[in-house]
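Dear colleague,

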Amino acid sequence: MDTQFIGENLAPGKLGHFFILLSFIGAIFSAFSYFRAAGTEQKDLKASRGWLLMGRNSFIIHSVSIIAVFICLYYIISNHLFEYYYAYDHSDKSLPMKYLLSCFWEGSEGSFLLWAFWNAVLGLVVMARGKTLESRTMAIVALVQVAIGSTVLGFYIGDSIAIGSSPFILLREKMQGAPIFAQANYLDFIKDGDGLNETLQNYWMTIHPPVLFLGFASTLIPFAYCIAALWKGDYQSFVRPTLTWSLFSGAALGTGIMMGGAWAYESLNFGGYWAWDPVENASLVPWLTLIAGLHTLLIYKATKRSIIITFVLLLLTHLLIWYSTFLTRTGILGDTSVHAFTGEGSSLTYHLLTIIGVLLLISKWLIIKRWKAMPRVKTEEAVSSREFWMFIGSFVLLLSAIQISISTSIPVWSPLAKWITGKDIAPPVDPVQHYNSIQLWVAVVVALLSAAILYLKFKQTDGKTVLRRLGLTAAIGLAFTILVSLTQKIGTDSSRILENIPYLLFLFSCCFAIVANIWYAAAIQKAKLKAIGAPVAHLGFGMSLLGILLSSYNKEVISLNTTGVEIGFDKGSAQANRKENRENIILPIGIPVAMGEYFATYMGDSAINETHQYYRVDYQRREPGAKTASEKFTLYPELVKPKHSDNFTANPDSKHYLTRDIFTYVNGVSNKKGQDKYIKHTIKTGDSIFLTGGYMVLKGIRVVNNENFSGEGGKLDVAADLTVYDLKGEVARLEPLYSINNNIQGGTEDTLSQMNLFVRFTQIVPDKGAAELEVKQISPENDYIVLKAIVFPYINVLWAGVIVMVLGFLMSLAHRFSQKEIKQDIPSAE
């Protein structure tokens, strides 16, 4: 019985579970009602409108219930109700308010709820503006909500089959059989929760997941409109709303992906912002197919061509969102990803595969059913037309997505390949090289097309005019390429001509894209805001690629190990170990070490808690011949221990400039165990204690606090006045205290970090007029960190390019909403 346990607050959990059931039932009723509305609209208009009204009301109930679930779960987390497993597993009392929301989506259940929330919000918008396709579109939206809702039901069939996992399960239900729950007052022994993963305690993780899941959710709307169009056989009404929603989805998902890159750059030791990690790839692939589908939809809108590939790409986009969820939630990626969710068990694996299978079956069946009826243009596209090259670009993006998906999915299909061939197929040892060697050429083709396509016209193009304009912009782009190549030393090594060709082509494609799109927006569209969304987005894409090239081609490791000392790395291969040994430097405490144009000095460490420690590194830059530093700054790279892990991982820190970043992270620390022994010294006023690199003199003993002290009670604080000297003179003064409080005696410590000195005042010796001190000084050679420092030049070009690209999407979206024809096409449903 629940009543046997003392202190449990079961009300918010019961209320939350009620709203989960209500939202699930509401989604089922909404999907069924909308399905019936679509099925009766040709036979009985009155009945269809009745079903339509029921579908709307059910979806509103569903949406309100989702919000209520959010409120209940947040109440549990924010009030530290550790009788609930979700609160215990993902939060603790020390977390500041800004990270409590991060606790919400750290767990699988919370992230599914976040996804359902955004689906509900977007569904309400579609419901209000769906027009003739509302019933069919909303039937699909509600059906997907049923699928997501099932993941948090927490319903069991027998003892082994679980349908979803409830975020409101109690701790004692999750950990059945644990001895602590034999006691009715078990909560008295649970003082705190397990806490939020240290790597997620970053401001990016407060905003990145909501934006990314908004992007995930937004792919549902083009998917639903495409299903609705195929279902009804209406290939015209869906175009404009699908185009609008695809633009929105491209902006939201693209922003979410790059926010994840920014988080990785600040919080992980990728050595950058993108490492082709499977979780990164899983979100990138749907964006690629979405952008491809957006462009083929533009082709269809203008020429009535490419309808089939448009349906395939936009349907595939949402299916890939579910597939990425399968990859990242089930644990199937294993150790190939540094930030995938841990395995949720076989139940979730089969659950997600079932959802993917159902949605795939619906999509495939409708395409096959409507295959012959879909509109086609019998004539071939002109090679000089915009639609021809837009299709080529979309096809290249699709090929890119396929290559990334196949490589990322090696842990999924390799067991089958082994069963067939008898050979093990492992993920690439160097994923960056593996993907870059292929995706570089994709980037070249797409960048060149993004520069040239806007100058072409649909159906037929005036060749002379286009060639003149493209020739001029290409010439300017070539001059820009030469300038960047010479100043940034890209492809200028004459001994590596063949190796340089891909990078020079990449550089030219970026420069051409930037110049051509600026010229198109300024000279041809006369900088009219309503007409330059596309060139602005293409400009941002070109800038992003240029930023990637500049920051990666010339990135410079400045922490070069020139001492010949083997640091000792275990990176899986001798070559990788040699590389890491060459690119990491040992910084002994207090000793400046040259790193590029800087001198770096490790000044000591400080533990925030047992899972989080930071290291202070001071930097000075001196111009040749200068006696004083021209610049000083301090970085605090950290080591954090992820939850449920015995190993620490690096949390970088960076110095940001307009034209470069200095990116640093700790790759190792000294083991100071056994060096924590204090040496006792009994000294009088004027006596000295010799230290490493100096000495310390006792100047006197003085009373700093006397509260009615006598031999029988009271409080007395006595300080030892110590002056510390190094070889140059006085360094600092220390004042360790010795305290007596009602006959309880003890000393407190004072420290001098720059000499790694620790002093305790442990005893007064009255008969000798002396003080007993305990002194510990760790030698610099026994206290050090292993640091890696990388300079990323012009990385801000990448971040600026992303912002410009998203701005272009939003400008195009605003233009769509400003057109009267759009407002007429998507009025409020009656």
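Predicted model: local features only at pLDDT ≥ 70, side-chain atom pairs only at ≥ 80, totals over all residues.

Residues are numbered from 1 along each chain as its sequence is written, and side-chain values use heavy atoms, with hydrogens and water left out.

The chain has 22 helices and 23 strands, where helices (H or I, at least four residues) and strands (E, at least two) are DSSP runs numbered from the N terminus. Its C-alpha atoms fill a box of roughly 110 × 80 × 60 Å along the principal axes. Of the 830 residues, 52% are buried, a term that means under 20% relative accessible area, with exposed meaning over 50% and partly exposed in between (1.4 Å probe, protein chains only). If we take contacts (heavy atoms within 4.5 Å) between residues at least 6 apart in sequence, 69% of them join residues at least 24 apart.

Among the helices, look at α5 (residues 108–129) and α6 (residues 134–150), whose axes come within 10 Å and cross at roughly 170 degrees; axes here are lines fitted to C-alpha atoms, for helices over the stretch in contact, and angles run from 0 to 180 degrees between N-to-C directions. The two helices are therefore roughly antiparallel, the word for angles over 145 degrees, while those under 35 count as roughly parallel, 65 to 115 as roughly perpendicular and the rest as oblique. Among the residues that meet are Phe112, Trp115 and Ala116 in α5 and Met138, Val141 and Ile148 in α6.

Trp115 also belongs to the largest nonpolar core, which has 169 residues, and is listed there among those with the most contacts inside it, together with Phe238, Trp287, Phe311, Trp322, Leu587 and Tyr619. Such a core is a set of buried Ala, Val, Leu, Ile, Met, Phe, Trp, Tyr and Cys residues joined through side-chain atoms within 4.5 Å. Helix α10 (residues 239–267) gives the largest share of this core, 14 residues. Leaving aside residues up to four places away in sequence, Trp287 touches Gly250, Leu253, Gly254, Ile257, Met805 and Phe809.

Turning to the strands, an open sheet of four has the order β13-β22-β21-β20 with antiparallel pairing, and two strands are said to pair if DSSP finds at least two bridges between them. Its edge strands, β13 (679–683) and β20 (749–752), each pair on one side only, and the twist averages 30 degrees from one strand to the next. Five bridges hold the antiparallel pair of β13 and β22 (residues 770–777), and Ile679 has Val775 as its bridge partner in β22. Elsewhere, β7 (residues 612–621) runs antiparallel to β9 (residues 638–640), with three bridges, and to β8 (residues 631–635), with five.

With best wishes
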